[in-house]
Amino acid sequence: MAIVSMKKLQICAMKKNRKAVLEMLQSMGVVEIETESPEEGVFKKMNTTTPRTQLDKHVQNTDNALEILNTYVPEKKGFLSSLEGKREITKDEIDRINKIHHQVNRKVYKILDIEKEINACDADIAKFEASIEELVPWLNMDIPINTVETKKTKVFIGSVGPEYTEESIYEALETKVPDLSGYTVQVISRDKDATCIVCFCINEEAEDFSDALRSIGYTRISSFSHRTPADRIQKFRNEIAEREEKKKEAISKLEEFNEERKNLEILSDYYTIRSDKYKVLGGLLQSESTFLITGYIPARDEERITKALNEKFDLLLEITDVPEDETPPIGLSNNKFFSAGEGVLTSFGLPGKKEFDPTAAMTICYIILFGLMLSDAAYGFIVFLACFIVLNKYKKMGEGLKKTLSLFMYCGLSTLFWGVLFGGYFGDLVTVVSRVFFHKEVTIKPLWFAPLDDPMKMLIVSLCIGLLHLFFGLALKGYMCIRDKDFVGLISDVVSWFMLIIGLVMMLMPTTLFESISSMSFSFSPMVKNISYGLAIGGAVIIFLMSGRSNKNPVVRLALGLYDLYNITGWLSDLLSYSRLLALGLATGVIAQVINQMGSMMGDSVFGVIVFILVFIIGHTFNMAINLLGAYVHTCRLQYVEFFGKFYEGGGREFTPFMEKTKYVEIKEKN
Amino acid sequence: MTMGTVLALLGASLAVILAGMGSAFGVAVAGQAASGVVSEDPNQFAKVLILQLLPGTQGIYGLLVGFIALSKIGILGGSPAELSLQTGLMVLAACLPIAVVGLVSGRNQGKTAVSAIGIVAKKPDQFGKAMLFPAMVETYAILALLVSILAVNGIPV
């Protein structure tokens, strides 16, 4: 439960070493380098845009090439291969690629060229297919397409509107040009788009005939060829086959590059690392012969980096405490168990400057509340088992995913715990199965009580847990006050609220209202009653007087105090919000029961058992998925809104050290 | 079959129907927005899926109350109780909170989820905060669910 303590680092060294120094810092990956400092005096920044753009382009090309390989020559991968994490390589591998990166890069271009070839083939094929489509209606015509005349006639090949048949064309022509006689019209085909026709007309009458034909909407066929349509289609088919062949050849050429895949992956990361280096280099202040690096470094790495740098270079290295007016970046450091919750915290916000790291406190609450919401022993065990197996099988998965999965593994255990307390095992599976298939009612008794039988009790339990959770948050605020020695704040913002809320709760407990809800009756002695009045009134008075203490004007101060007192409604709504523990817990249980009931409807027979198993698998998978989602979302909400609302604001900046950020491989230091 | 039983059945149906309608609408609009995001950036699939599913819970709450009501009036067991008119009306009234609030909050949570999906599209790392806004709307569905459950449970049959 801690924030990594940061130190400020300043390096001044000879310019000739700048790349070597940066490379060393990059491979150690523990320094966050400041790149936004303004230029001043002799210190100028260097423009590194050109090499960076170049390198970024290389990265993009290499990634494209890998993508192409994956499309055409896919690698066999397991179902969960995305969990396997990055492949580990040694430093030597990177050095090897460094020497031959031009050669490997040429292969990238070759792959890109082959893809262009494939794309060209695809485009041609599409074009030819479209042309074939156009010619299909003409298939029955056995003269060349570009025929325009015979010895004594003119030939018209083309189409008219789909409404025309051979007779109606003759009729139409008859009315337009009744004195013509030397022509024939033949319909080749007719579909919903057009009627394809071939007409012959003797040379002397051709002109009039042509006009008449045009007036009924005739257009000439658009393709030109000295072949008949059938021949031409055949020719296109041949072309397509040829392109397919060519494409196949290109793909088989790609297969030869399959072995290069590993090199390409390293190459992409190699270029990325170099590009990052240039990016930082462009942000450094440099004079004619020296350069400056300023940045932050975790205190625990101070010695290691001092030793490494001084051993190799002549430079001035200064590591100091972070000055008061600067806000250092935040790194979290928790033990293995608590670090599971870091992801949840980070998505809310890292601790601000004056705050502490609440990960440990939050993780525990998260696990408890999550279990309460899911609250089915069998579901909990499945979640636990699934996370446990994946975590152990894929040890190299990414850090963030690992944390999330361990969190859910613990949440699964907690669900198991609450499930046993509340007696939920796939809902009431045991009862239903024993009743329907074995004709003997067997029930696993809950260790504590079944919420469905006594929802009021569960509501009280939920609200009590909520009150504890909120008090815990308030106590953490008190911890911060004590840490900062702000005792006035402790009394007026923390103790006062404790007094007021505890007083109010004690006043509520003996009332009939509370008794009717919880069916528990308390009777306090007058002494205890007086104490509760005292606590509530005392707390309220402190809040009224002290809450607006930052304001000098006494009237405004009291007004602010009064307003803060109004926050009691906030406490009420926060507390009621925990009723979702009951609602979500019941939702899991009741839907599970519905599923069991549906499954058992077919009764005790072979068919019934099959139906039951099917409904069981589908139904419970669905129920578990939807309730896992619900538990995840609402636990987050209880943490973020209710719990953090009491003491935590966040707003810290994440520590992002200058390091080798890779996509495919992980570089192992030589030992 | 008495009029009371019919009214109680109507209540159970309304809880399922109205809350389900709210969820169906909410999940649908959120799903449309989510599809847009995934078409641009398939990596965000898991995040937007979670956001899309958030308005889906009202339907489940409705089912929950519907189921409790059905088992209360004995329809699930196959032997419906002969309810008096008053008791039937009471069950109907008890089902109304989750029915109406489920419809309204499901619809509106869907709209909020659409905006939250917008956040994820622009700033995927702000997912935690984006998730909170639709979750806020759900609070009222949960409160309604609570009252419905307690009321149905408390009615003597």
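Residues are numbered from 1 along each chain as its sequence is written, chains are lettered from A and ligands numbered from 1 in the order in which they are written. As the model is predicted, local features need pLDDT of at least 70 and side-chain atom pairs count only at pLDDT 80 or more, while totals for chains, interfaces and linings use all residues.

For the complex, the predictor gives an ipTM of 0.81 and a pTM of 0.82. Confidence in each residue is expressed as pLDDT, on a scale from 0 to 100. Chain A has a mean pLDDT of 89, with 99% of its residues at 70 or more. In chain B the mean is 91, and 100% of the residues reach 70 or more. Among the elements of chain A, the lowest mean pLDDT, 78, belongs to helix α16 (residues 512-518), and the highest, 95, to helix α10 (residues 359-374). Where pLDDT is low, predicted coordinates should not be read in detail.

Chain A contains 21 helices and 14 strands, these being DSSP runs numbered from the N terminus (helices: H or I, at least four residues; strands: E, at least two). The radius of gyration of chain A, taken over C-alpha atoms, is 40 Å, well over the 26 Å that the globule rule (2.2 Å times the number of residues to the power 0.38) gives for 671 residues, so chain A is more spread out than a compact globule. Along the principal axes, its C-alpha atoms fill a box of roughly 130 × 85 × 60 Å. Chain B has 5 helices and 0 strands, and its C-alpha trace spans about 55 × 25 × 20 Å along its principal axes.

Two packed helices are described by the angle between their axes and the distance between the axes. Here axes are lines fitted to C-alpha atoms, for helices over the stretch in contact, and angles run from 0 to 180 degrees between N-to-C directions. In chain A, helices α2 (residues 49-72) and α3 (residues 91-135) pack at about 55°, with their axes 9 Å apart. The two helices are therefore oblique to each other (angles under 35 degrees count as roughly parallel, over 145 as roughly antiparallel, 65 to 115 as roughly perpendicular and the rest as oblique). Residues of α2(A) that meet α3(A) include A:His58, A:Asn61 and A:Leu69, and those of α3(A) include A:Asn105 and A:Glu115. This contact divides into 6 nonpolar, 5 polar and 1 charged residues. Ala, Val, Leu, Ile, Met, Phe, Trp, Tyr, Cys and Pro count as nonpolar, Asp, Glu, Lys and Arg as charged, and the others, Gly among them, as polar.

Helices α14 (residues 455-483) and α15 (residues 487-508) of chain A have axes that come within 9 Å and cross at roughly 160°. α14(A) and α15(A) are therefore roughly antiparallel to each other. Their contact involves, among others, A:Leu474 and A:Lys477 of α14(A) and A:Asp493 and A:Trp497 of α15(A). By class, this contact has 7 nonpolar, 2 polar and 2 charged residues.

At the interface, 24 residues of chain B are in contact with 24 residues of chain A, contact being defined by C-beta atoms, placed from the backbone, that lie within 7 Å. On the side of chain B that touches chain A, two or more residues each come from α2 (45-53), α3 (57-72) and α5 (127-154) of chain B. The largest share, 13 residues, is given by α5(B). This side of chain B has 20 nonpolar, 4 polar and no charged residues.

Conventions:
pLDDT is the predictor's confidence in each residue, from 0 to 100. Two residues are in contact if their C-beta atoms, placed from the backbone, lie within 7 Å.
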